[in-house]
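Subject: Structure handover

Hi,

Here is the structure I promised to pass on. My notes follow below it.

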Amino acid sequence: QVQLVESGGGLVQAGGSLRLSCAASGSIFSINVMGWYRQAPGEQRELVAAITSGGSTNYADSVKGRFTISRDNAKNTVHLQMNSLKPEDAAVYYCYADIISLTIPRRLAYWGQGTQVTVSS
C-alpha cells in the first residue's frame with residue numbers, strides 16, 4: 001500500500017511564504033513524476049508544479065518565479081516553496097505522484113489528502 005502525506009499548509013498574509021512538503025511511503029518500487037495540484041472552491045483542480053525523478057520541472061504560468069518545486073529521491077519527498085503569495089493562491093493543495101508499487105507492477109497516480117493554504121489580503 002502506498003500513502004502520500006502532506007504537511008505545511010496554513011494561513012499567511014499576502015506577500016508571505018509557505019513551504020509544503022509531501023512524503024510518499026509504503027511498498028514503492030519507483031516514483032517518476034511528483035508534484036502539486038490545487039483546487040479552489042468552485043474551481044477545477046489545476047496543476048501547480050511538477051518534477052521528474054531526473055529533476056525536470058514544470059510550473060503553471062501563474063506561479064512561475066514565485067514557487068519552487070524540489071524533491072529528494074532518496075527520501076521520496078517533494079516540496080513546494082511558495083513565495084510572494086497572493087490571495088488567488090488560496091486553495092487546497094494536493095500532492096501527487098506517479099508510482100510503481102511492489103504489489104502493482106504498473107504506474108499509477110497516487111494523491112495526498114490535501115492541505116489548505118489560505119492567503120489573507
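What pattern does the chain follow, read along the sequence? It runs β-β-β-β-β-β-β-β-β-β-β. The count is 11 strands and 0 helices. Bear in mind that this is a predicted model.

Overall shape first. The radius of gyration is 14 Å, close to the 14 Å that the globule rule gives for 121 residues, so the chain is as compact as a globular protein of that length. Along the principal axes, the C-alpha atoms fill a box of roughly 45 × 25 × 20 Å.

Next, packing and surface. Of the 121 residues, 41% are buried. Take the contacts between residues at least 6 apart in sequence: 57% of them join residues at least 24 apart. The chain exposes about 6300 Å², and carbon and sulfur atoms supply 48% of that area. As for charge, there are 10 positive and 8 negative side chains. The centres of these two sets lie 6 Å apart.

Now the disulfide. A search of the whole structure finds 1. It joins C22 to C95, with an S to S distance of 2.1 Å. The pair links distant parts of the chain, 73 residues apart. C22 sits in strand β3 (residues 18-26), and C95 in strand β9 (residues 91-101). The torsion about the S-S bond is about -80°, so this disulfide is left-handed.

Are the two cysteines buried or exposed? C22 is buried, at 2% relative accessible area. C95 is buried too, at 0%. The cut-off for buried is under 20%.

Best wishes

Conventions:
Residues numbered from 1 in each chain as written. Predicted model: local features only at pLDDT ≥ 70, side-chain atom pairs only at ≥ 80, totals over all residues. Heavy atoms only, no water. Helix = DSSP H or I, 4+ residues; strand = E, 2+ residues; numbered from the N terminus. Rg over C-alpha atoms; globule rule 2.2 N^0.38 Å. Buried < 20%, exposed > 50% of the residue type's maximum accessible area, 1.4 Å probe, protein only. Contact = heavy atoms within 4.5 Å. Areas by Shrake-Rupley, 256 points an atom, 1.4 Å probe, with all protein chains shown as cover. Lys, Arg positive; Asp, Glu negative; His and termini not counted. Charge placed at Lys NZ, Arg CZ, Asp CG, Glu CD. Disulfide = S-S within 2.5 Å.
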